[in-house]
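Please look through the structure below before reading the briefing. The notes that follow are grouped by topic.

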Amino acid sequence: MVTESGNKKITPESVGMSVEIAGITLKNPVITPSGTCGYGRDYLDFWSPEQLGAIAVKAVSVKPRDGNPPPRIAEIPSGVLNSIGLENPGVHKFISDELPWLKSIGATVIANVVGYTDDDYAECVGILDGTGVDMIELNISCPNVKGTPISASAERTEALTKRIKGVTKKPVIVKLSPNVTSITDIAKAAEAGGADALSLINTVMGMRINIKTRRPMLKNITGGMSGPAVFPLAVRMVWQTSNAVNIPIIGGGGITTAEDAVEMMMAGADAVSCGTAMFSDPSAPLKIIEGLRRWCSDNGVGSVRELTGSVVTG
Ligand SMILES: Cc1cc2nc3c(=O)[nH]c(=O)nc-3n(C[C@H](O)[C@H](O)[C@H](O)COP(=O)(O)O)c2cc1C
């Protein structure tokens, strides 16, 4: 269906797809979130990173990390439980082996950064500052590592964000955890620390038990849930967060279809991420991009930006 907006017909091709996150223009609002697509080569039979709004690569740390022992993936109804635990080859290997290719194909790259300490984060971001990555995403919210994540504390979130803003000129996205009592307190702390954008949600802490062996399904015992099972939780948290802060939000958690993406943007997201959906349909990100064009054209929406925060709650 072709709809009229003033004199101009809105067709799927004419829908404005670009969005802006922290001064960076993304060609469309669909991002693949960290840890679900490696460093960009994993899905080349289905899509290439430059077709997306951006690719958030697997977490990097100063030194290589092994992650947690297997088994570290278990199925849950409508999703997965993972305890990968930030396995990565280290930031230097990412910069030498992965980043040049990603930049050569024209991808917009979000580097997801982790550390054991604030010093680790600062060192890793300092190293990335001199490279071609477009944005830094502080992963302060992984539920699969020892200790309490920084994202559980407003004070620690604000302090780390402030420190990181002092070591890089690149836009800093803070990735929030759903495993908190008040997502808005943490979001406001990140904003107060100078975050340029927020992304949410990271995975939801969960656990499964094999009742025959009476043993946890994951060696790590607990893991993080993702996929459609967490979608309503993510929509609620994005909505609450968008009402609490004035910085852009990348909203994700369980997005599987273009309609889910529309819903997440209506809740307040400026861009969306789609990760676990690729485990059952590797083409999901491209289908969402095309589906967004169609949905907007069918519903008289000239630009995806019009969707952001358009939920009517009154
Ligand atoms: C196997 C796996 C590995 C992940 N690794 C990371 C990671 O390294 N850094 C991070 O910030 N989030 C990581 N995540 C969380 C995702 O980026 C995303 O926030 C979460 O899965 C919710 O989105 P989804 O339901 O669309 O997958 C991982 C998720 C999965 C399933």
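**Briefing**

S78 sits in the loop between strand 7 and strand 8 (79-82). This is a predicted model, in which local features need pLDDT of at least 70 and side-chain atom pairs count only at pLDDT 80 or more, while totals for chains, interfaces and linings use all residues. Residues are numbered from 1 along each chain as its sequence is written.

**Overall build**

- The protein has 8 helices and 18 strands; helices (H or I, at least four residues) and strands (E, at least two) are DSSP runs, numbered from the N terminus.
- With a radius of gyration of 19 Å, close to the 20 Å that the globule rule gives for 314 residues, the protein is as compact as a globular protein of that length. The radius is taken over C-alpha atoms, and the rule is 2.2 Å times the number of residues to the power 0.38.
- Along the principal axes, the C-alpha atoms fill a box of roughly 60 × 50 × 45 Å.
- Buried residues make up 52% of the 314. A residue is buried if 20 or more other C-beta atoms lie within 10 Å of its own, exposed if 12 or fewer, and partly exposed in between, with C-beta atoms placed from the backbone.
- Of the contacts between residues at least 6 apart in sequence, 72% join residues at least 24 apart. Two residues are in contact if their C-beta atoms, placed from the backbone, lie within 7 Å.

**Helix packing**

- Two packed helices are described by the angle between their axes and the distance between the axes. Axes are lines fitted to C-alpha atoms, for helices over the stretch in contact, and angles run from 0 to 180 degrees between N-to-C directions.
- Helix 4 (residues 183-192) packs with helix 5 (residues 231-242) at an angle of about 50 degrees, their axes being 9 Å apart. That makes helix 4 oblique to helix 5; angles under 35 degrees count as roughly parallel, over 145 as roughly antiparallel, 65 to 115 as roughly perpendicular and the rest as oblique.
- I183, T184 and A187 of helix 4 make the contact with M237, Q240 and T241 of helix 5.
- Between helix 6 (residues 258-266) and helix 8 (residues 284-298) the angle is about 70 degrees and the axes are 8 Å apart. The two helices are therefore roughly perpendicular to each other.
- On the helix 6 side A258, E259, A261 and V262 meet I288, G291, L292 and W295 in helix 8.

**Backbone features in loops**

- Phi of S78 is near 60 degrees, a positive value in a residue other than glycine. S78 is partly exposed, with 14 other C-beta atoms within 10 Å.
- I221 is another residue other than glycine with a positive phi, near 75 degrees. The loop that holds I221 runs between strand 15 (215-216) and strand 16 (222-226), and I221 counts as partly exposed, with 13 C-beta neighbours inside 10 Å.
- P70 and P71 are joined by a cis peptide bond with omega of about -5 degrees. P71 is in the loop between strand 6 (54-56) and strand 7 (73-76).
- A cis peptide bond also joins L200 and I201, with omega of about 15 degrees. I201 belongs to the loop between strand 12 (197-200) and strand 13 (204-207).

**An exposed loop residue**

- G130 is in the loop between helix 2 (118-129) and strand 10 (135-139). G130 is exposed, with 9 other C-beta atoms within 10 Å.
- From G130 to M264 the C-alpha to C-alpha distance is 33 Å, and the two are 134 residues apart in sequence.
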